[in-house]
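Please look over the sequence and the structure shown here before reading on.

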Amino acid sequence: MSRCCVSTIGSVTSQHRSALVPPFLTSIVTDLLYQHQIEIQRNLIAWRAKPLLQRIYRGFYLRVVHQIDPAIPGSIVEIGSGIGNFKSHLKSAIATDLFPNTWLDVACDCYELPFRNGTVSHLVLFDVFHHLRAPNAFLREARRVLTDSGRIVMCEPYISICSFLIYGALHDEPVAWRSPINQALWLSRPRDYYAAQGNATRLFFRKELAACLKGWIIFHAEAFSCFCYLLSGGFSKKALYPLRWLDILQWYDKRLSYWPKCFGARCVVGLCPD
Ligand SMILES: C[S@@+](CC[C@H](N)C(=O)[O-])C[C@H]1O[C@@H](n2cnc3c(N)ncnc32)[C@H](O)[C@@H]1O
């Protein structure tokens with residue numbers, strides 16, 4: 001399940017990093033942040049070897065694509081694309097990440113996007129928001145590049161009674177349920193590694209920080225049960241069930257999704273400027 005685990009992966013030398021990070025990003029990317037890139041390479045291997053994961057993610061991507069309105073003028077940009085799979089479900093998307101892998105279109109940092117004011121129709125984030133130490137700083141930059149009718153659409157972990165226990169016990173990233181959330185509008189360089197799986201639930205469902213939502217409307221917020229994902233072992237662990245059980249697990253997930261606060265594990269959130 002772990003997708004960006006710092007603790008289990010080896011350290012990176014500055015030499016390694018400077019060979020792979022373009023010069024304009026070297027002042028942003030720290031050795032620690034470079035762990036994302038190591039994880040991306042590992043995820044790629046897991047993805048190719050695990051059709052179960054591919055089937056589960058197809059469902060996630062469809063939920064996100066459903067929140068995209070093709071009538072809104074501008075580019076569709078994915079932030080933190082990782083191994084770049086979202087693009088196979090939405091060909092017109094511009095795939096970006098901190099690291100310039102061959103399958104991506106642009107290398108960039110989401111706090112300083114290389115897009116002109118008001119030129120982007122959608123920003124898509126797949127398991128990226130909970131890696132943003134300063135969500136407000138990202139939202140400020142998002143507002144700059146989005147058109148007035150633009151949208152942010154994200155898919156994130158959702159923290160319910162069940163998923164709190166599972167993510168808390170089995171995932172290397174902290175849920176950080178009670179940790180303070182940085183409310184700064186600017187994040188100083190260089191960036192470091194950060195993970196707080198609970199942030200989307202806290203900000204968009206529990207609405208803990210009104211400041212974060214100032215200037216934004218939540219036009220969509222769905223949390224759903226996802227035992228099919230939790231039991232799949234994600235990218236780093238062995239699946240606890242065979243592919244042929246997926247349909248039946250999804251059948252149960254659909255029913256359990258009526259009680260998201262008890263059984264939810266993933267969410268899709270859509271924001272648009274107020
Ligand atoms: C958990 S991975 C998700 C990757 C991909 N979206 C997926 O679902 O497979 C988080 C991604 O966010 C990216 N990321 C982290 N901080 C970022 C930042 N400040 N700007 C852009 N991308 C960032 C990482 O490089 C990493 O690829």
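## Buried and exposed residues

A residue is called buried if 20 or more other C-beta atoms lie within 10 Å of its own, exposed if 12 or fewer do, and partly exposed in between. The model described here is a predicted one, and buried residues make up 41% of the 274 residues in the protein.

Lys91, which is found in the loop between strand S1 (75–79) and S2, has 7 other C-beta atoms within 10 Å and is therefore exposed. In sequence Lys91 and Ile76 are 15 residues apart, while in space their C-alpha atoms are 9.8 Å apart. Asn136 has its place in helix H4, and because 21 C-beta neighbours lie inside 10 Å, Asn136 counts as buried. Leaving aside neighbours within four places in sequence, Asn136 is in contact with Gln183, Ala184, Leu185, Ala211 and Cys212. Asn136 and Leu187 are 51 residues apart in sequence, yet they are 9.3 Å apart in space, C-alpha to C-alpha.

## The sheet and its strands

The secondary structure of the protein comes to ten helices and seven strands, and an open sheet of seven strands, with mixed pairing, has the order S3-S2-S1-S4-S5-S7-S6. Strand S3 (106–107) and strand S6 (216–225) stand at the edges, where each has a single partner strand, so one side of each is left without a neighbour in the sheet. Helix H4 (residues 135–145) packs on the sheet and touches strand S4 (120–126), strand S5 (146–157), S6 and strand S7 (264–273), its direction making about 140° with that of S5.

Which strands does S1 pair with in the parallel sense? S1 runs parallel to S4, to which five bridges join it, and S1 also pairs in the parallel sense with S2 over two bridges. Val77 stands opposite Leu123 in S4 and opposite Ile94 in S2. Four of the five residues of S1 are buried, so this strand is largely enclosed by the rest of the structure. Further along the sheet, strand S2 (residues 94–97) and S3 pair in the parallel sense over two bridges, and Asp97 stands opposite Ala107 in S3.

## Nonpolar cores and contacts

In soluble globular proteins, nonpolar side chains tend to be buried together. In this model the largest nonpolar core has 54 residues, of which Leu123, Val124, Leu125 and Met154 touch the most other members. Apart from its neighbours within four places in sequence, Met154 is in contact with Leu125, Phe129, Ala200 and Val269. A second, separate core of six residues includes Leu33, Ile83, Leu98 and Phe99.

How much of the contacts with a separation of 6 or more comes from residues 24 or more positions apart? Such residues account for 74% of those contacts in the protein.

## Around the ligand

The ligand is surrounded by 19 residues, and the closest are His36, Gly80, Gly82, Cys110 and Phe126. By kind, the residues of the shell around the ligand divide into nine nonpolar, five polar and five charged.

Key: Residues are numbered from 1 along each chain as its sequence is written. This is a predicted model: local features need pLDDT of at least 70, side-chain atom pairs count only at pLDDT 80 or more; totals for chains, interfaces and linings use all residues. Two strands pair if DSSP finds at least two bridges between them. Two residues are in contact if their C-beta atoms, placed from the backbone, lie within 7 Å. Axes are lines fitted to C-alpha atoms, for helices over the stretch in contact, and angles run from 0 to 180 degrees between N-to-C directions. A nonpolar core is a set of buried Ala, Val, Leu, Ile, Met, Phe, Trp, Tyr and Cys residues joined through C-beta atoms within 7 Å. A residue is near a molecule or strand if its C-beta atom, placed from the backbone, lies within 6 Å of it. Ala, Val, Leu, Ile, Met, Phe, Trp, Tyr, Cys and Pro count as nonpolar, Asp, Glu, Lys and Arg as charged, and the others, Gly among them, as polar.
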